[in-house]
Amino acid sequence: MALPVAEWQARTARLWAALDPALKERMATASLHDAVRMGCDLLRSKEEEEAALVRLCHRARTDKEPGAASWYREQGNREFKRGQYQAALRLYSKVASHELPGSPELSVCFANRSAALLHLEHFEVCLEDIARAESHGYPDRLLPKVLLRKAECLLCLERLQEAQDILGVLESKIALDGVMTTHLTRLKKLSQLKVKLGEKERCPEPAREAHGGLQGEPEVWEENSRISGASSSLSLRFDAERGRHLVACQDIVPGQSLVKEEAFVSVLCPGESLPLQDGDTAWDTRATNADLYCHRCLRQLLASVPCQGCSYAKYCSQDCADMAWQQYHRTECSLGALLLMLGVFCHVALRTVLLAGFAEVSRLVEWSHHGDKNLQNPDAGCKPLSDTGAGSRGIPGCGSNGRYQSSYQALFHLLPHTEQHSPEHKFLCTLSVVAICKQLQAAGLEAAVLNQESPQQWSKPKTCEKTSDELSPELRTVAEAMLRHVLQLQCNAQAITVMQELGPGDGAVVDKKPVRLATAFFPVLSLLNHSCCPNTSVSFSGTAATVRASQPISSGQEVLHCYGPHWCRMRVAERQQLLSQYFFECRCRACLEELESGVKSVVSIRNSFCCPKCQAQMQGEEDTLCCSNEACATSASRDHLSGRLQHLQQQIKKALDLLRVGKADQAIKMLLKCQMDAGTFLSPEHLLMGEMEDHLAQVYATLGKWQEAARHLKKSIEIVEMHHGPSSVETGHELFKLAQILFNGFAVSEALSTIQRAEGILSVHFGPQSAQIQELQEMKACLSELPRNILQRT
């Protein structure tokens, strides 16, 4: 959710509608500085609006709640007893987020979670949780249980001497216990572990030979002397029509890395929570992005480290938690509910100024008051903070040395398009950032925001005494910078995406889909202009973005990035409508060809309805569609066909739900019925036809019917290639799934050729070090080691 919740948007819209027309006019044309001043005055006089925002914040529960911890513990214990250790692990992490720091319950929670980790064979992480349990005062009477678990982990990790030492401590502890019967089970387990330990010491396992070349060849990279994080094969240009942009200064080949940049700032998108039904508890067992990924580095979480002050922020390690607290979370912690209500854009804006530091924010805001017109107008050729000179020194955002860095100065120079946003939107953004700054002041956090707090004060609880209704001059500066950043995000927000597994992820074939994980500012990546037929591909690893050439780029050609609506996926009219949010009219090659030729787009043709009688394409722009076969002349209502399509999609969803609960045979029957129905009114090339083939392949793979699965997936790949192209990332992902199916089905020669093709495509988009490439290489190595007579038969 980029913007504030609907209720806050509605309140600000009503407030805007009720304003005096003269005040509306002033606010609509106001500079950022004046907009903040008027917003402060207006919000101060509207106490009911602030009260309404407080009520909304009660919906987002981010405080520690021992009651929630108890409830999640019960749910976790239930899943653990059922053998659902992954579900138990997630629930125990929710317990840890709600337990109060230093409480004995927290130590028990870590111990419980370590048991789930042991069953899942995450031995190193299990040891970390055992250490956390011990450091939080785990009860001495229960210690033999975790010591036994610790010894078992060490044994599995081949750390034999450490395991021997722990077993010795455990024996002594049990011997000192007066009630030996309580440890009979553990004594039996201890004896078994000692036998295993002796066997391992006498017969150590032979070292496994590493497969050569599995890590892939390191990429050749020479950084640009003028643009941080960019390849030396690029140069930075500026003109009135295209603004700042990147151009190839030498010929570039597909797969070549062009930009490697860490986000200046990123904020995890919380993910969509399903609405709770009547009678449901306020605590939800369903996992969202906030439960699955580190709130600082965006790594996938296994056993999260909770923030000590709130139940929302979770981290992959104590180091990440400490770093986040030092950089920004000590300010954000008590504002969690407010930030969730006001949306990710406001959160990114706040975190941006916290990371930049008040001194730098104040310096640039003050400078913008003298150069604001240039900042808003790309045609003005605005200058950096230094004098312009040769080379790139006259390009906005460059430093005095002419270097463009991934810095706050470069970020600040991204255009806010103040004059092009609707007055209502600017009003909403203004009141939202002012509300955040007022809460910062009311919560006694101003010193932290202005970097006036000593490290000794960081852990002290904040007072909630309101010092004044009037926002301080310093916080008005912060609000002005935040408003600029919220407006910039409309055109410069970069979605960090991740390939997320569908379903439990424990099958032989893993299906994945791209998911928006976070919203970020990338100053260098923002230099790339849009094209609906781009020549680059962007991938992410944590908070780092890598831009690679997806096709040959000649010297002098502009390097282009797709902002979302690709020409293969959407008709030109729909693309133009979506791109209007970026305040430009796309004139890329794909758009011009489609607009000027007047020919119906391939997207329309492939995703068209077909005649229920003769299967020819239905055509027409009105409510009634007619068969293109003149001899047939059948007509049908567009609404009727659209209704059939929606019903079909609902039936497909039901089939997938059956698969999720283990009813594969019923899922197949329903999907085959859907396929027959679809064939009566959808084009054979319709993308949904490919999706059904993909789903059938998934079901057959679940049943271990590899040949059937491969047959359906090959049909899916044909349709995906028609829509997205043979070298597209979508085709690469489908080939990856086909390689898994052929590998599991022992179709060796076909698997090897599919692996080779998938490698060629995916390495262009994700690089040779990506997880999918590594998995493909492991499959290839495994198949290559099979006996020669098997290879000859397959």
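This is a predicted model: local features need pLDDT of at least 70, side-chain atom pairs count only at pLDDT 80 or more; totals for chains, interfaces and linings use all residues.

I began with His485, which is buried, because its relative accessible area is 0% and the cut-off for burial is under 20%. His485 lies in helix α20, and I listed what surrounds it: leaving out residues up to four places away in sequence, His485 touches Ala349, Thr352, Val353, Tyr408, Leu411, Phe412 and Phe521. I also looked up the separation of His485 from Leu350, and found the two 135 residues apart in sequence but 8.7 Å apart in space, C-alpha to C-alpha.

I then returned to helix α20 and asked how it sits against helix α3. The axes of α3 (residues 32-44) and α20 (residues 473-492) come within 9 Å and cross at roughly 110 degrees. An angle of 65 to 115 degrees counts as roughly perpendicular, and α3 and α20 are therefore roughly perpendicular to each other. I recorded the crossing of α3 and α20 as right-handed. On the α3 side the contact is made by Leu32, His33, Ala35, Val36, Arg37, Cys40, Asp41 and Arg44, and on the α20 side by Arg476, Ala479, Glu480, Leu483, Arg484 and Leu487. Sorted by class, the contact of α3 with α20 has seven nonpolar residues, one polar residue and six charged residues.

The axes of α27 (residues 706-724) and α28 (residues 729-744) come within 9 Å and cross at roughly 170 degrees. Angles over 145 degrees count as roughly antiparallel, and α27 and α28 are therefore roughly antiparallel to each other. From α27 the contact takes in Trp706, Ala709, Ala710, Leu713, Lys714, Ser716, Ile717, Val720, Glu721 and His724, while α28 brings Glu730, Thr731, Glu734, Leu735, Lys737, Leu738, Ile741, Leu742 and Asn744. By class I have ten nonpolar, four polar and five charged residues for the contact of α27 with α28.

Next I turned to backbone angles in the loops. Most residues other than glycine have a negative phi. Gln615, although it is not a glycine, has a positive phi of about 70 degrees, and I located Gln615 in the loop between α23 (602-606) and β13 (618-619). At 39% relative accessibility, Gln615 counts as partly exposed. Gln615 touches Cys610, Gly679 and Thr680, when residues up to four places away in sequence are not counted, and with Thr680 it is 65 residues apart in sequence and 7.0 Å apart in space, C-alpha to C-alpha.

Ala633 was my other case: its phi is near 60 degrees, a positive value in a residue other than glycine. I placed Ala633 in the loop between β14 (624-627) and β15 (635-637), and with a relative accessible area of 59% Ala633 is exposed.

I also checked Trp221, which is in the loop between α11 (184-202) and β1 (234-239). At 27% relative accessibility, Trp221 counts as partly exposed. Leaving aside neighbours within four places in sequence, Trp221 is in contact with Gly229, Ala230, Ser231, Ser257, Leu258, Val259 and Lys260. The C-alpha atoms of Trp221 and Ser231, ten residues apart along the chain, are separated by 6.8 Å.

The chain has 31 helices and 15 strands, and buried residues make up 51% of its 794 residues. Among contacts between residues at least 6 apart in sequence, 65% join residues at least 24 apart.

How values were computed
Residues are numbered from 1 along each chain as its sequence is written. Side-chain values use heavy atoms; hydrogens and water are left out. Axes are lines fitted to C-alpha atoms, for helices over the stretch in contact, and angles run from 0 to 180 degrees between N-to-C directions. Helices (H or I, at least four residues) and strands (E, at least two) are DSSP runs, numbered from the N terminus. Angles under 35 degrees count as roughly parallel, over 145 as roughly antiparallel, 65 to 115 as roughly perpendicular and the rest as oblique. A crossing is left-handed if the near helix is turned anticlockwise from the far one by less than a right angle, and right-handed if clockwise. Contact means heavy atoms within 4.5 Å. Ala, Val, Leu, Ile, Met, Phe, Trp, Tyr, Cys and Pro count as nonpolar, Asp, Glu, Lys and Arg as charged, and the others, Gly among them, as polar. Buried means under 20% relative accessible area, exposed over 50%, partly exposed in between (1.4 Å probe, protein chains only).
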